Amino acid sequence: MQTTRLEHIAFLAEFCSENQVSDVVISPGSRNAPIVIAFDAHPAIRTHLIHDERSAAFYALGIAEATQKPVALTCTSGSALLNYAPAIAEAYYRRIPLLILSADRPAHLIDQGDGQTIRQQNVFANFIKMSLSYPESGDNMLEKAAIQLKKAFTALLHLPQGPVHINVPLNEPLYETTNRQSFQVEKVENHDMSSLDTVNMNDVKQIWSSATKKMLIIGQHHPDKRLEEVVKMLAEDASLAVLVENTSNVQSFPRFCHCIDRTLEIISDDELENYAPDLILSVGGAVISKRIKAYFRKFKPKHNWRIGVFQVEEDTYQSLTKSISVDPVHFIEALLEQEIAPLSNFGGMWKQKDLMANEMHKQFVESAPFSDLKVFDTLLDVIPDDAVLHMANSSVVRYCQLFNPVRGIDYRSNRGVSGIDGSASTAAGFSIVNTSKLNVLISGDTSFFYDSNGFWNKELKGNFKVFVLNNGGGGIFKIIPGPAESEQSEIFYAPTNADVQGICQAFNLNYYLSESVHDILNQIEDFFQLEENNRPSVMEINTKDVDNARVLKDYFTSLRDDL
């Protein structure tokens with residue numbers, strides 16, 4: 001197959017291929033034609049065509065998350081590039097490597113009235129690891145290109161990973177081709193985390209062994225058996241409480257507290273100070289629970305250590321005393337080198353509350369009326385144990401945190417920025433390269449409509465299943481304090497007359513409708529089967545006529561009844 005006539009663009013494709021990029025998400029346009037041709041002609045690169053640039057960037061994010069490899073994406077010039085911004089911000093805070101290749105007009109045509117022309121250089125300054133300009137013309141083009149690409153990939157692969165932007169000015173003609181040729185390409189090495197040698201572990205171990213109330217809290221993390229095993233060993237210390245969320249992907253273990261909000265709910269006001277740790281060890285990304293953040297900000301620990309390499313030096317609990325840029329597994333292994341005699345039963349205290357909350361939870365949910373809460377109880381019971389569960393943001397991801405994680409399920413959600421703008425697209429991108437697994441998305445109706453272009457893709461297959469919880473608007477605004485009491489509550493809740501079935505018809509998706517738990521269970525076996533058209537299936541679950549906020553409020557009230 002022939003490639004672009006522009007040698008430095010063909011070289012770009014070869015450099016990407018030799019440096020771990022095997023997937024490129026393309027949005028069609030004219031100015032990026034040479035880049036599209038070069039990648040499509042490369043035998044080692046898979047190209048994915050996504051028309052909507054906002055959706056395309058989230059697709060790339062999902063592919064990168066699934067493959068644990070950098071993914072490139074390319075678009076035409078002008079406002080097309082700006083549509084990448086939400087996904088790039090998400091990738092920045094989640095430390096996901098995206099390589100943005102934006103086609104541009106030559107420099108002398110910027111701000112000269114040409115169509116599809118804006119100032120593109122450094123346009124993502126606040127949420128990008130590095131921004132570069134690719135050589136436009138002149139002598140020694142390949143040497144100049146190699147220098148810029150080495151810089152870009154060093155930033156892309158160096159920990160913490162994250163998005164890198166290369167702006168590519170292109171002169172016309174854009175569509176001319178020639179025979180492919182081979183290039184000598186330098187491979188850029190990955191950079192490991194800092195060694196434990198940089199940490200005063202004697203001081204750390206002394207503080208750890210003398211702390212009577214220790215807590216390990218794990219935020220968003222990809223499944224990692226190494227981390228899971230060392231945390232289990234660390235949790236043998238009775239003075240350590242381990243708090244995880246579904247997105248931590250640390251599987252169910254008897255000593256872990258899995259549902260933070262429901263456990264906090266049954267700790268009485270008089271007891272709160274007794275459950276506050278003296279030492280917090282934080283691992284992973286974002287923590288969903290707002291309650292635990294408020295709790296730690298009020299009852300500040302003496303020691304607060306954050307372990308790992310991050311883009312931003314966050315102080316989530318406003319008490320940070322150490323930020324240690326090492327592999328959390330190696331750090332915990334070092335803690336395990338010493339024998340520690342538990343100085344308290346602090347971990348047991350937290351676990352006792354967790355078990356009590358779990359019993360109260362089961363009692364309430366078992367007799368709860370048909371509602372959003374009841375739907376989550378039903379869905380989390382029927383989703384296959386080896387599936388990937390993608391949770392849309394706002395109320396969906398919060399409801400999921402009230403239920404114990406299911407062993408074997410891989411929990412995913414866009415919690416870097418926590419926006420609703422790319423839930424479907426990210427899950428879709430994940431599903432097209434994770435074909436051996438069932439990928440299940442639970443979405444609210446607002447998130448589903450907002451990102452409906454995520455289904456505008458021929459590549460999607462029957463391994464992608466979607467539940468749309470249609471409660472008639474932004475359910476989160478009936479849950480959080482404030483909007484429901486406002487005179488403008490209808491604006492926040494924003495009910496819509498958009499049609500889930502109509503979206504399914506537009507994008508050739510298989511459609512199901514459920515209006516009760518019986519409907520869900522009666523259809524679920526067929527729903528999870530592979531359809532003849534091998535396309536995604538969507539089940540709309542209608543809870544519009546239910547006071548979901550009242551059921552959830554009653555749920556939390558029931559947890560406190562015996563206090």
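S394 sits in the loop between β15 (388-391) and α14 (395-400), where helices (H or I, at least four residues) and strands (E, at least two) are DSSP runs, numbered from the N terminus. Its phi is positive, about 65°, although S394 is not a glycine. For background, most residues other than glycine have a negative phi, and most peptide bonds are trans. S394 is partly exposed, with a relative accessible area of 22%; buried means under 20% relative accessible area, exposed over 50%, and partly exposed in between (1.4 Å probe, protein chains only).

A word on what you're looking at: this is a predicted model, in which local features need pLDDT of at least 70, side-chain atom pairs count only at pLDDT 80 or more, and totals for chains, interfaces and linings use all residues. Residues are numbered from 1 along each chain as its sequence is written, and side-chain values use heavy atoms, with hydrogens and water left out.

Back to the backbone. R95 is another non-glycine residue with a positive phi, near 60°. You'll find R95 in the loop between α5 (85-94) and β5 (98-104), and with a relative accessible area of 25% it is partly exposed. Then come the cis peptide bonds. One joins L159 and P160, with omega about -5°, and P160 belongs to the loop between α6 (141-157) and β7 (164-169). Another joins E172 and P173, with omega about 5°; P173 is in the loop between β7 and β8 (177-178).

N414 lies in the loop between β16 (410-412) and α15 (423-433), yet N414 is buried, at a relative accessible area of 6%. Not counting residues up to four places away in sequence, N414 touches F58, L61, E90, R94, N393, G419, G422, S423 and T426, contact meaning heavy atoms within 4.5 Å. As for T426, it is 12 residues from N414 in sequence and 8.1 Å away in space, C-alpha to C-alpha. S447, in helix α16 (residues 445-450), is buried as well, with a relative accessible area of 6%. Leaving aside neighbours within four places in sequence, S447 is in contact with A392, N393 and I420.

What about the nonpolar interior? A nonpolar core here is a set of buried Ala, Val, Leu, Ile, Met, Phe, Trp, Tyr and Cys residues joined through side-chain atoms within 4.5 Å. The largest one has 44 residues, and Y84, L98, I100 and F455 touch the most other members. Helix α3 (residues 53-67) supplies the largest share of this core, 8 residues. Take L98: setting aside neighbours within four places in sequence, its contacts include A57, A60, L61 and A64, as well as V71, L73, L156 and P163. Apart from this core lies another, of 43 residues, with I266, F467, V551 and L552 among them.

Next, the helix packing. Two packed helices are described by the angle between their axes and the distance between the axes. Axes are lines fitted to C-alpha atoms, for helices over the stretch in contact, and angles run from 0 to 180 degrees between N-to-C directions. Helix α8 (residues 225-234) and helix α11 (residues 328-335) have axes that come within 9 Å and cross at roughly 25°. That makes α8 roughly parallel to α11 (angles under 35 degrees count as roughly parallel, over 145 as roughly antiparallel, 65 to 115 as roughly perpendicular and the rest as oblique). From α8, R226, L227, V230, V231 and L234 meet V329, H330, I332, E333 and L335 of α11. This contact divides into 7 nonpolar, 1 polar and 2 charged residues; Ala, Val, Leu, Ile, Met, Phe, Trp, Tyr, Cys and Pro count as nonpolar, Asp, Glu, Lys and Arg as charged, and the others, Gly among them, as polar.

Helix α13 (residues 372-382) and α20 make another pair, packed at an angle of about 30° with axes 11 Å apart, and so they are roughly parallel to each other. Here K374, V375, T378, L379 and V382 in α13 meet V517, I520, L521, I524 and F528 in α20, giving 8 nonpolar, 1 polar and 1 charged residues. D519 is also found in helix α20 (residues 517-528), and D519 is partly exposed, at a relative accessible area of 26%.
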